[in-house]
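Hello,

Here is the structure you asked about. Have a look first; my notes follow below.

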Amino acid sequence: MPGSSVNNHYDLIIIGGGLAGASLACALKSAALEEPLKIAVVEAYELNTESQPSYDDRTIALSYGSRCIFDSMGVWPLLAEQAEAIDSIHISDRGHFGVTRLSSEQEGVEALGYVLENRNIGQQLYRVMHESADITLFCPAELKSLQQDFTHPEGRVSVDVMVDGSTQTLTAELLVAADGNNSQVMKVLNIGSSRKDYEQSALITNVTPGKKHENVAYERFTDSGPLAFLPMTQNRCSVVWTLSPEQADYLYALDEADFLAQLQQRFGYRLGRIKKIGMRHIYPLFLQSATQMVHGRVALIGNAAHSVHPVAGQGFNLALRDVALLSELIVEQRRKAADIGSLAMLQQYETQRDVDIKRVYRFTDALVRTFSNSIPPLAHMRSLGLFMVDILPDLKHQLAVQSMGLNAGKGGKLSRLGRGLPL
Ligand SMILES: Cc1cc2nc3c(=O)[nH]c(=O)nc-3n(C[C@H](O)[C@H](O)[C@H](O)COP(=O)(O)OP(=O)(O)OC[C@H]3O[C@@H](n4cnc5c(N)ncnc54)[C@H](O)[C@@H]3O)c2cc1C
């Protein structure tokens with residue numbers, strides 16, 4: 001292959017070292033293999049800096065299932081100290097009677113989930129990658145071109161990446177696109193996507209409330225959109241406020257005191273008077289889905305494959321389940337000395353992920369449509385819905401199982417990592 005050299009050949013190239021790409025590299029590194037996989041991670045931004053777009057000021061509500069995945073990968077001990085447990089979830093509808101509560105005690109688990117700062121997760125994943133002799137980080141580096149050689153007897157994918165102003169050619173058996181919802185890999189391969197713009201933005205910030213949060217996550221549906229307060233370390237709360245883009249811009253521009261007054265009025269006084277507030281950031285919200293997750297020797301994971309509304313905190317959890325299944329299939333192939341980029345294996349990945357991904361699309365999309373609407377009959381219906389969920393234990397359990405990421409769906413199966421087993 002033109003420009004390639006023996007030294008630049010890897011088993012696997014990951015384009016994008018954000019939360020999903022870095023998690024895949026760390027998962028594969030955790031596998032006990034006679035001959036460890038040689039992995040190249042190509043990332044556009046310096047990973048240990050403030051400007052890294054995937055390891056930013058947001059928080060992740062990590063489901064209990066995702067904690068199991070990180071645990072099986074050996075990464076959880078590095079994250080545990082910075083994680084705040086969610087012991088219960090309180091879901092309510094502002095101005096209406098319906099309320100439901102989910103609790104870890106009722107579900108018989110240590111916690112329903114955990115809240116972590118993206119930046120902290122990123123730092124720990126970066127540390128694991130950086131310390132591994134089998135992972136080579138090309139960073140900052142950018143993908144320039146990609147070719148698949150279908151005539152090569154063993155099959156190859158080759159990329160040109162720009163590192164420090166010069167082009168390097170890397171080759172591998174498998175390439176994973178983890179380069180987010182504006183994926184360059186998808187553009188180069190002409191992979192399409194469907195997109196539904198919610199015409200909503202998420203305004204995020206961190207606050208310190210007057211009362212102890214007692215590890216309760218609040219999801220409050222208001223007439224302007226859902227407002228979540230998630231428990232963080234040092235008695236802080238992560239606020240995710242869904243609004244129309246105009247309202248978000250307006251609130252973003254307010255000075256601190258006026259913004260606090262608006263937030264307090266929307267959320268109420270369950271946590272007392274909000275005392276301190278951090279930086280505000282705005283994210284546009286949409287549902288985006290790639291038309292295919294596999295193309296030749298290329299597989300898509302994370303936001304490149306699917307982006308969902310953050311209303312139920314499912315996006316990264318979904319990405320981690322991509323990581324768990326794909327790493328399991330890659331390791332199985334390696335142990336059989338089989339091709340880790342074989343189309344049959346990648347099609348298995350695509351088929352097995354389909355049920356879970358579609359279920360999460362339906363779940364989040366239905367929540368957005370139902371709870372972003374102030375039309376009176378719908379508002380009463382959802383109050384009734386919350387009330388019914390609260391009094392029907394089976395329904396409530398199903399909602400908790402979905403939120404905890406423990407449901408493999410009809411025909412789906414939980415990955416080894418998700419079941420607490422090593423790769
Ligand atoms: C407001 C908000 C709140 C959220 N809350 C939650 C939550 O509570 N729970 C949850 O599970 N999920 C949540 N999510 C979703 C979560 O943030 C995403 O699922 C997650 O960031 C996806 O990670 P990713 O690595 O796939 O993509 P990204 O985070 O977009 O990372 C892509 C990476 O690829 C790199 N890259 C891009 N192009 C190139 C290129 N050409 N060459 C090299 N590198 C490239 C980028 O620099 C970046 O590092 C939330 C999202 C939003 C917007």
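The buried residues of helix 2 are Y64, G65, S66, R67, C68, I69, F70 and S72. Buried means that 20 or more other C-beta atoms lie within 10 Å of the residue's own; exposed means 12 or fewer, partly exposed is in between, and C-beta atoms are placed from the backbone. Helices (H or I, at least four residues) and strands (E, at least two) are DSSP runs, numbered from the N terminus.

Two notes on the source. This is a predicted model: local features need pLDDT of at least 70, side-chain atom pairs count only at pLDDT 80 or more, and totals for chains, interfaces and linings use all residues. Residue numbers start from 1 along each chain as its sequence is written.

Back to helix 2. Helix 2 spans residues 64-72 and is mostly covered, with eight of its nine residues buried. The cover includes strand 3, helix 3 (76-79), strand 7 and helix 9 (315-335). Contact here means C-beta atoms, placed from the backbone, within 7 Å. Just after helix 2, G74 has a positive phi of about 80°.

Three strands make an open, antiparallel sheet in the order 3-7-4. Strand 3 (59-63) and strand 4 (84-86) are at the edges with a single partner strand each, so one side of each has no neighbour in the sheet. Neighbouring strands are turned by 30° against each other on average, direction ignored. Axes are lines fitted to C-alpha atoms, for helices over the stretch in contact, and angles run from 0 to 180 degrees between N-to-C directions.

Strand 3 pairs with strand 7 (residues 113-117) in the antiparallel sense over five bridges. Pairing requires at least two bridges found by DSSP. T59 sits opposite E117 in strand 7. Helix 5 (residues 118-131) packs on the sheet and touches strand 3 and strand 7; its direction makes about 80° with that of strand 7.

E110 is exposed because it has 11 other C-beta atoms within 10 Å. Its C-alpha atom is separated by 8.5 Å from that of A85, 25 residues apart along the chain.

Last, a helix pair. Helix 1 (residues 19-29) and helix 9 pack at about 35°, with their axes 9 Å apart. Residues making the contact include L19, L24 and L28 of helix 1, and F316, L320 and I330 of helix 9.

Best wishes

How values were computed. Contact = placed C-beta atoms within 7 Å.
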